[in-house]
Structures are given as structure tokens and as C-alpha cells.
Amino acid sequence: MNQNTKNGSAAAGRRATLKTLGGVAAASLFPAPYVHAGTSVKIGYVSPQTGPLAVFAEPDAFTLAQVKRAVAGGIKMGGRSYAVDIIYKDSQSNSNRAAEAASELILKDKVDIVVAASTPATTNPVADQCELNGVPCVTNDTPWQPHFFGRGGDPKKGFDWTYHFFWGLEDIIAVFTGLWSQIPTNKTVGALWPNDSDGNAWGDTKMGFPPVLQRKGFKLVDRGRYQTPSDNFSSYLAEFKRNGVEIVTGVVPPSDFASFWSQAGQQGCKPKVVTVAKASEFPIAIQSFGDRAQGLSVEVWWSPAHPFSSSLTGQNCAELAQAFSKETGKPWSMPLGFKHSLFEVAIDALKRAPGKSPEAIRDAIRATNLNTIVGPVNFKTGPVPNVSKTPLVAGQWKRRGKNMELVIVENGQARMIALQGQLEAIR
């Protein structure tokens with residue numbers, strides 16, 4: 001059966017079900033957002049505006065203002081002009097609320113496409129709702145394995161309605177180990193992996209860090225997953241000290257890491273390298289660590305130094321970062337580029353779609369081949385269906401005058417992004 005036949009059969013099945021159920025019950029189960037016409041095209045956006053993941057949403061107001069200016073005159077789809085409406089929902093940093101928000105966008109607001117970002121707690125439940133209801137969806141800012149396999153994805157089939165772009169665990173493992181090889185250590189790594197979607201994926205004994213670290217000669221000290229949020233890491237610190245850990249890694253919320261790093265200082269745990277995702281990605285979190293932020297390292301998925309430009313506004317990465325800081329008075333952060341790119345991909349697909357049907361928009365997303373502010377996005381490139389990978393490097397926080405700056409110090413997986421310095425051991 002070819003794809004068109006398959007899609008036609010699925011649509012016919014939905015229509016038959018609607019006729020069978022009838023009335024209010026059918027409308028509540030299968031509201032089919034594509035039945036509305038109107039003069040606007042609606043984009044639904046789910047983001048953690050509140051809760052522990054709210055730091056990921058810091059660029060949202062700026063991004064939405066930019067996007068609305070860029071499409072103020074509307075867009076053309078299939079020869080017709082449409083205004084662009086963006087409906088913004090808060091996931092409250094909760095996966096159940098993220099699913100509810102996506103459901104509201106689909107069933108109540110009848111959006112034509114949904115976009116979402118900011119860890120599996122947001123992207124996975126949102127994408128699942130879109131897949132269930134037959135609504136086109138674009139997500140990013142979750143490593144592709146927790147997003148794809150965490151939703152039960154089959155590499156032989158993929159998904160019908162949901163598309164995702166970001167780097168993968170293979171990239172961050174290569175970046176981290178490349179970073180750690182720059183200075184002499186005993187290659188003993190202490191793991192801080194929480195019991196959540198990210199932590200379980202990163203610590204997975206088959207597809208996560210453990211098998212790769214073993215092959216590369218690193219010794220892993222892993223006490224198992226901790227329950228987040230947590231403010232007591234004494235047992236981890238004792239284990240790290242007992243095993244002579246000189247490298248600490250993990251994927252830890254900022255508040256958890258703040259507790260860990262403060263207790264490490266108090267208990268005399270002094271690793272040479274600390275490379276922790278999430279916790280040290282954001283300037284606001286780094287500022288809260290004070291002088292102990294000096295020397296922390298982290299993966300860098302976007303920065304003003306990246307050599308890309310927006311298909312929506314024409315700004316390069318440095319210009320986008322400067323515009324954000326000028327308008328908000330805040331330093332740039334990595335989600336800025338990825339929030340912007342969500343709307344680049346969505347609006348590009350809408351412009352290329354021959355009409356407003358979900359199938360037309362979905363097929364336009366599938367055919368995406370776009371240079372964005374975070375790099376090329378092409379869903380035909382894999383590594384699994386529905387996924388496009390973006391480049392990844394690593395940086396270290398270093399004091400520059402009164403401020404702490406994130407300096408690119410490792411680019412083995414993305415040579416097009418220039419180095420700005422070298423890794424230094426934490427003193």
C-alpha cells in the first residue's frame with residue numbers, strides 16, 4: 001500500500017467513524033481541526049512558562065513578538081492569503097499538563113499545526129496528542145532518542161504526524177568525551193542522572209553513556225537514578241570521593257545542581273571537570289552559582305558564534321542574540337535560537353502547503369529542507385524517520401571582566417563552529 005492510499009484509507013476511516021458515532025459524542029472524540037476554514041491559519045505553541053523548566057521559556061515573549069512582526073502581513077497557502085494566529089499555552093513544567101494543553105489546542109482552539117520545545121516533559125506528551133488526533137506537529141530541544149524511542153517510535157515506521165529536530169545522545173557523548181580528553185585526568189566519571197526521561201535515557205546501559213564510556217576507557221561511578229527534585233546529594237558525594245572521581249557529568253535541573261555543587265564545596269569534593277547539561281546551560285542559573293560557576297562546562301546547541309541565519313527575519317545568530325539582549329536587558333541563552341527555529345520550520349511548511357488540510361501541512365513538513373538559525377533542518381536525513389539532527393559543540397564558563405561568558409572549547413562534531421578557547425581544569 002503506498003502512502004497516498006494509506007492516508008486516504010485513514011481519512012475515510014475517520015469519516016466513517018464520525019458518521020457512525022454522530023452528534024456531540026463524535027465531535028468530542030474526533031473534532032478534526034481541519035473542518036474549519038476561516039481566514040487565518042492557527043499555530044498552537046506549548047511551552048513551560050511556569051515551574052522548574054520555566055528557564056527554557058525565557059525567550060518566548062521576545063520570540064513571539066518577532067514572529068508576529070515577521071508574519072504581520074499574513075502568508076499565502078495554496079494561492080490564498082491567511083493571517084497567522086499563534087495560541088500560547090503553559091505546560092507548567094508538567095507532562096500531564098503539557099498533554100492537556102495540546103489537547104485544548106487541538107479540540108478547542110482547532111489549530112492547524114502545533115509546535116513545542118523544552119525537554120521530553122513537554123515535547124513527548126504534546127507530540128503524542130498530535131499523533132493521536134492527526135494534527136501536524138514540530139518539536140525540538142529534546143535529544144532525539146528520548147523523544148523518538150520514549151514515545152515508542154519504530155525506526156522502520158516512524159510517526160505519521162510528528163517531526164522533531166535536535167541532536168542525539170551519540171552527539172553529546174562524543175562532545176563530552178572529546179572535551180574531557182583535553183586535560184589530564186584519571187578518567188573516572190561520576191554520574192548524576194535523575195529518574196526522569198532524560199536521566200533514564202542518558203544512563204541507559206545500551207544506548208546511553210555507559211557503554212560508550214567503557215569503550216573509551218572511562219570508569220563510570222553510577223549510584224543509580226536520584227529522585228528529582230532533590231536537595232541532598234551526600235551519598236553521591238561520598239561515593240565520588242571514595243572512587244576518586246575527577247569528572248562529574250549528568251543532566252540535572254538547575255535547582256538540583258545548585259544543591260549538589262554547594263554541598264560538593266562543603267564536603268571537599270573537588271573534580272577537575274564538571275560537565276552537566278540543563279543546570280549550566282543558562283546564564284541566570286550560572287549567575288546564582290557565583291564564583292563557583294567558573295570552569296563549569298556544558299554542551300552548546302546554539303550561541304551567537306554559530307554561523308547560521310534565520311529564514312524568517314534574515315538575522316544571523318549574533319544579531320538575534322544582540323536583539324534579544326537589547327530588548328529584554330538579559331543575556332542570550334541557548335533556547336533562544338531553537339524557539340525561533342520552531343517557527344521558521346512551521347511557517348516555511350505552511351507557506352509550501354497547497355492548502356490547509358492536515359495532510360497538506362504534514363506533507364509539507366515532511367519535505368522540509370530549510371537553512372535555519374540553528375542550522376539545516378531536513379527530515380529526510382534521519383537517523384530515524386521524522387528526525388533531523390542539528391550540530392553540537394561544548395563550552396566552558398569563564399570570567400571575562402565582571403561577567404561570566406560561555407566560551408566554545410570543543411567542536412569535534414561540528415567544525416563549522418569556531419573554537420574560542422581551550423578547556424581549563426576547575427581550580
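Thr275 is found in strand E10, residues 273–278. Strands here are DSSP runs of type E with at least two residues, helices are runs of H or I with at least four, and both are numbered from the N terminus. The model is predicted: local features need pLDDT of at least 70, side-chain atom pairs count only at pLDDT 80 or more, and totals for chains, interfaces and linings use all residues. Residues are numbered from 1 along each chain as its sequence is written, and side-chain values use heavy atoms, without hydrogens and water.

Thr275 counts as buried because its relative accessibility is 0%. Buried means under 20% relative accessible area, exposed over 50%, and partly exposed in between, with a 1.4 Å probe and protein chains only. The Thr275 side chain makes a polar contact with the side chain of Trp180 at 3.0 Å. A polar contact is a pair of N or O atoms within 3.5 Å; within protein, one must be able to donate a hydrogen and the other to accept it, and residues adjacent in sequence count only if both atoms are side-chain atoms. Neighbours within four places in sequence aside, Thr275 is in contact with residues including Phe176, Leu179, Val248 and Ser297. Contact means heavy atoms within 4.5 Å.

On a 1 Å grid over the protein atoms alone, a cavity is a set of points where a 1.4 Å probe fits but cannot get out; a pocket is an open set with protein on both sides within 12 Å along at least five of seven lines; lining residues have an atom within 4 Å of a point. The count comes to 2 cavities of 30 Å³ or more.

The largest pocket holds about 380 Å³ of space. Helix H12 (283–288), strand E15 (393–400) and strand E16 (403–410) each give two or more residues to its lining. E16 provides the largest share, 4 residues. Of 14 lining residues, Pro331, Trp397, Asn403, Met404 and Glu405 lie nearest the centre.

How values were computed. Points joined across faces, edges and corners; volume = space filled by probe spheres on them.
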